Amino acid sequence: MTLPDQERIAALEAQVARLTGLVDHLYLTLRVPAPGSAMPGGPLSDPRILAAVREGNLITAIKIYRELTGCGLAEASDAIRTLAPGR
């Protein structure tokens with residue numbers, strides 16, 4: 001496999017991961033269970049997000065959520081605040 005092929009595959013894998021995160025975000029926002037979802041809670045069940053929220057690092061949690069879903073700041077903030085409603 002040539003280097004350009006490897007770069008193209010890496011770019012496609014990154015794009016698929018971003019799109020998967022967006023779909024998970026849509027299921028979560030619409031409160032519809034994702035068929036065959038590997039992550040029942042969607043991106044909000046990501047252990048890095050849960051740890052950041054538990055430690056009070058909401059900004060870190062929001063950044064990770066945005067990386068996973070590709071959604072905007074307001075949407076990510078709203079989603080994270082569902083895990084930490086008192087903050």
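This section describes the helices, the nonpolar core and selected side-chain contacts of a predicted model.

The chain contains four helices and zero strands, and its elements run α-α-α-α from the N terminus on. Of the 87 residues, 25% count as buried. Among contacts between residues at least 6 apart in sequence, 43% join residues at least 24 apart.

Helix 3 spans residues 58–69. The distance from its first C-alpha to its last is 16 Å for 12 residues, close to the 16 Å expected at 1.5 Å a residue. Its buried residues are Leu58, Ala61, Ile62, Ile64, Tyr65 and Thr69. These residues lie on the same side of helix 3, because they cover an arc of only 165° around the axis. The face turned away from this buried side carries the exposed residues Ile59, Lys63 and Glu67. The packing partners of the buried residues of helix 3 are helix 1 (3–30), helix 2 (47–54) and helix 4 (73–81). Just after helix 3, Gly70 adopts a positive phi of about 75°.

In helix 2, the buried residues are Ile49, Ala52 and Val53. Their directions cover an arc of only 95° around the axis, so they fall on the same side of helix 2. Exposed residues Pro47 and Arg54 are found on the face turned away from the buried side. The buried residues of helix 2 pack against helix 3 and helix 4. A positive phi is also assigned just after helix 2, where Gly56 has a value of about 80°.

Val53, located in helix 2, has a relative accessibility of 8% and therefore counts as buried, the cut-off being under 20%. The C-alpha atoms of Val53 and Arg81 are separated by 9.1 Å, although the two residues are 28 residues apart along the chain.

The N-terminal end of helix 2 is capped by Asp46, a side-chain oxygen of which lies 2.8 Å from the backbone nitrogen of Arg48. The side chains of Asp46 and Arg48 also meet in a salt bridge, with an N to O distance of 3.1 Å. A search of the whole structure finds one salt bridge. The two partners fall into separate accessibility classes: Asp46 is buried, with a relative accessible area of 9%, whereas Arg48 counts as partly exposed at 43%.

The largest nonpolar core comprises 14 residues, of which Ile49, Val53, Ala61, Tyr65 and Ile80 touch the most other members. Helix 2, helix 3 and helix 4 are the elements that give two or more residues to this core. The greatest contribution is that of helix 3, with five residues. When residues up to four places away in sequence are not counted, Ile80 touches Leu44, Ile49, Val53, Leu58, Ala61, Ile62 and Tyr65.

In helix 1, the position examined was His25. This residue has a relative accessible area of 10% and is buried, because that value is under 20%. Leaving aside neighbours within four places in sequence, His25 is in contact with Pro43, Tyr65, Thr69, Cys71 and Glu75.

Thr82 lies in the segment after helix 4. A polar atom of the Thr82 side chain is positioned 2.5 Å from the backbone oxygen of Ala79. Thr82 and Leu44 are 38 residues apart along the chain, and their C-alpha atoms are separated by 9.2 Å.

Terms used: Residues are numbered from 1 along each chain as its sequence is written. This is a predicted model: local features need pLDDT of at least 70, side-chain atom pairs count only at pLDDT 80 or more; totals for chains, interfaces and linings use all residues. Side-chain values use heavy atoms; hydrogens and water are left out. A salt bridge is a side-chain nitrogen of Lys or Arg within 4 Å of a carboxyl oxygen of Asp or Glu. Buried means under 20% relative accessible area, exposed over 50%, partly exposed in between (1.4 Å probe, protein chains only). The expected span of a helix is 1.5 Å times one less than its number of residues. The arc is that of the directions from the helix axis to the C-beta atoms. Contact means heavy atoms within 4.5 Å. A polar contact is a pair of N or O atoms within 3.5 Å; within protein, one must be able to donate a hydrogen and the other to accept it, and residues adjacent in sequence count only if both atoms are side-chain atoms. A nonpolar core is a set of buried Ala, Val, Leu, Ile, Met, Phe, Trp, Tyr and Cys residues joined through side-chain atoms within 4.5 Å.
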